[in-house]
Amino acid sequence: IYILAQNKEGLVLVDMHAAHERVLYERLKQEYSAGQIQSKHLLVPETLSLSEQEAAAVETHAEALAAVGLEITRAGPTSGHLRAVPTLLANEDYVALAYDMVGELGEGLRGPQGVRDRIDDVLADMGCKAAVKAGRRLTLTEMNALLRDMEHTDRAGHCNHGRPSWVQVDMAGLDRLFMRGK
């Protein structure tokens, strides 16, 4: 769950999921801004059962969906085909993400700003779903890579949900914990 590291001030405790989630989210935002979120085409498209309003939203917002790596085409008055998913989520529940996104688009997001706000939420959700999970054993190389990525990531001190991703315990704090100097 945690990475323990040492720096010149003392001990650094890192919540590996929270830290990786922030790193991925910031990377996705950069890729989205540059129009570079990678997609993976599904060998067999997933059929989505949609309301008429959602099916219409799939057509209306095809470009916004593609920008986050989702390719969904209308397949009928109340259905769609999920043809491509974000590469980062290829091993996750991408169907649920597609339903979430289409559902919100079908509710009629308020103009382009509403779509952009929802896309930001989707990017945060994608980062969370793709991040390493608690209990996964990271190699020393993976831990070091995550720590280096954090050093070059905006707002790396908190995950996408606002929780701290790391804390520092200075030497005086460590000494107090172990009652040194008493």
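Isoleucine 1 lies in the segment before strand E1 (2–7); strands are DSSP runs of at least two residues (E) and helices of at least four (H or I), numbered from the N terminus. The model is predicted: local features need pLDDT of at least 70, side-chain atom pairs count only at pLDDT 80 or more, and totals for chains, interfaces and linings use all residues. Residues are numbered from 1 along each chain as its sequence is written, and side-chain values use heavy atoms, with hydrogens and water left out.

**Cysteines**
- A disulfide is a covalent bond between the sulfur atoms of two cysteines.
- With the cut-off for such a pair set at sulfur atoms within 2.5 Å, a search of the whole structure finds zero disulfides.
- The sulfur of cysteine 128 has its closest cysteine sulfur in cysteine 159, and because these lie 7.5 Å apart, they are too far for a bond.
- Cysteine 128 is buried, at a relative accessible area of 18%, and cysteine 159 is also buried, at 0%.
- Here buried means under 20% relative accessible area, exposed over 50%, and partly exposed in between (1.4 Å probe, protein chains only).

**Helix H2**
- In helix H2 (residues 52–60), the buried residues are Glu54, Ala55, Ala57 and Val58.
- These residues cover an arc of only 160 degrees around the axis, so they lie on the same side of H2; the arc is taken from the directions from the helix axis to the C-beta atoms.
- Glu52, Gln53, Glu59 and Thr60 are exposed on the other side of H2.
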